[in-house]
Amino acid sequence: MDFKDLHYGDRPLVLPNAWDFASGAALAEAGFPAVGTTSLGVAAAAGKPDAEGGTRAETLALARALSRLPVPVTVDIEGGFSGRIADVADLVTELASFGIAGINLEDGRPDGTLAPLDHQAALIAAVKRAAPQVFLNARTDTFWLGDPDREETLRRAAAYAAAGADGIFVPGIADDADIRAVLETAELPLNVLYLPGRTGYERLARLGVHRISTGSLPFREALRAAVTAALGVTGADADGSTPSYADVQRLIAGR
């Protein structure tokens, strides 16, 4: 099935996120109809912090490898790894040449601010002109970077839809009223990040969410499992907790 069509099924598309070829291949073999990437996992595996725009080469290399999978692949390119619109459009064109089916393109910046709305809308439009076949999931970090802002979320969702985005991604959104408001405003497939204990599959399905991403959770669970297995050889017990996003960033920074 075409990747875009997967967003219009009777049930939400569950999109697991890989960080290397082996994890992507395992997820595809498990029966998931599409696979995404996790920017945290890709960055951490390379010993780099997430969301700072320093993993362009690693992201391209992984995308080329994952293109061998028998399912559609969508790639998290953070903010595009450049402040120049033409550079981001060229990057997506290169990903399309590998056969990559989709991208996530976010408006959050490394300093914790949001890209100016006009700039981000122009970026989305340019990318769609350059690679119209690629499903552009426009991510807004209005809930991810601090105090949730529903009005700004709706403003950006509407602008990104008008610019040609194929889907809207609002990581951190969880309340029913907020989700319904984005669905009504954007009139595009809505992607929600799975948050254990907050965004259960059945509730999101009832609300009409189209896509549920696992984000960095599988990668972080893999770290927990690796430590538990290694300590188990010695007979020692691990604390059993899954490292948080902040824990992984701290680990990479050596603090």
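What follows is a short tour of strands, aromatic rings and charged pairs.

First, the ground rules. You're looking at a predicted model, where local features need pLDDT of at least 70 and side-chain atom pairs count only at pLDDT 80 or more, while totals for chains, interfaces and linings use all residues. Residues are numbered from 1 along each chain as its sequence is written, and side-chain values use heavy atoms, with hydrogens and water left out.

Let's start at strand β5, residues 102-106. Helices (H or I, at least four residues) and strands (E, at least two) are DSSP runs, numbered from the N terminus. How many of the five residues of β5 are buried? Five of the five, so the strand is largely enclosed by the rest of the structure. Buried here means under 20% relative accessible area, exposed means over 50%, and partly exposed is in between (1.4 Å probe, protein chains only). Gly102, Asn104 and Glu106 point one way from β5, while Ile103 and Leu105 point the other way.

Strand β5 has partners, too. Two strands pair if DSSP finds at least two bridges between them. Strand β4 (residues 73-76) runs parallel to β5, and three bridges join them. Within that pairing, aspartate 76 has asparagine 104 in β5 as its bridge partner. With β6, strand β5 pairs in the parallel sense over five bridges. Here glycine 102 stands opposite phenylalanine 135 in β6.

How does the chain get from β5 to β6? It goes through helix α5 (residues 117-130), in a β-α-β crossover that is right-handed. A crossover gets that label if, with the strands pointing away from the viewer, the path from the first strand over the helix to the second runs clockwise. Strand β4, helix α4 (residues 85-98) and β5 also make a right-handed β-α-β unit.

**Aromatic rings**

Now for the rings. A pair of aromatic rings is described by the distance of the centres and the angle of the planes. Rings of Phe, Tyr and Trp (its six-membered ring) pair if their centres lie within 6.5 Å; planes under 30 degrees apart count as stacked, over 60 as edge-to-face and the rest as tilted. The count by this rule is three aromatic pairs. One of them is phenylalanine 3 with phenylalanine 135: the ring centres are 5.5 Å apart and the planes sit at 80 degrees, so this pair is edge-to-face. It links distant parts of the chain, with phenylalanine 3 in the segment before β1 (13-15) and phenylalanine 135 in strand β6 (residues 135-139), 132 residues apart. Phenylalanine 3 is buried at 4% relative accessibility, and phenylalanine 135 is buried with a relative accessible area of 4%.

Tryptophan 144 and tyrosine 245 make another edge-to-face pair, because their ring centres are 6.3 Å apart and their planes are at 85 degrees. This pair also links distant parts of the chain: tryptophan 144 is in the loop between β6 and α6, and tyrosine 245 is in helix α10 (residues 245-253), 101 residues apart. Tryptophan 144 is partly exposed at 35%, and tyrosine 245 is partly exposed at 26%.

Arginine 68 lies over the face of phenylalanine 21, at 4.3 Å from the ring centre.

**Salt bridges**

On to the charged pairs. The structure holds 14 salt bridges, each a side-chain nitrogen of Lys or Arg within 4 Å of a carboxyl oxygen of Asp or Glu. Here are some of them:

| Salt bridge | N to O distance |
|---|---|
| Aspartate 166 and lysine 4 | 4.0 Å |
| Arginine 155 and glutamate 152 | 3.0 Å |
| Glutamate 152 and arginine 156 | 2.7 Å |

Aspartate 166 is buried at 10%, whereas lysine 4 is partly exposed at 38%.

Glutamate 152 sits in helix α6 (residues 150-163) and is buried at 15% relative accessibility. Arginine 155 and glutamate 152 are three residues apart in that helix, which means about one helical turn. Arginine 156 lies four residues from glutamate 152, about one turn of the helix. Arginine 155 is partly exposed at 47%, but arginine 156 is buried at 4%. Salt bridges that share partners join Asp107, Glu152, Arg155 and Arg156 into one network.

Notes:
A charge sits over a ring if NZ of Lys or CZ of Arg is within 6 Å of the ring centre and within 35 degrees of the ring normal.
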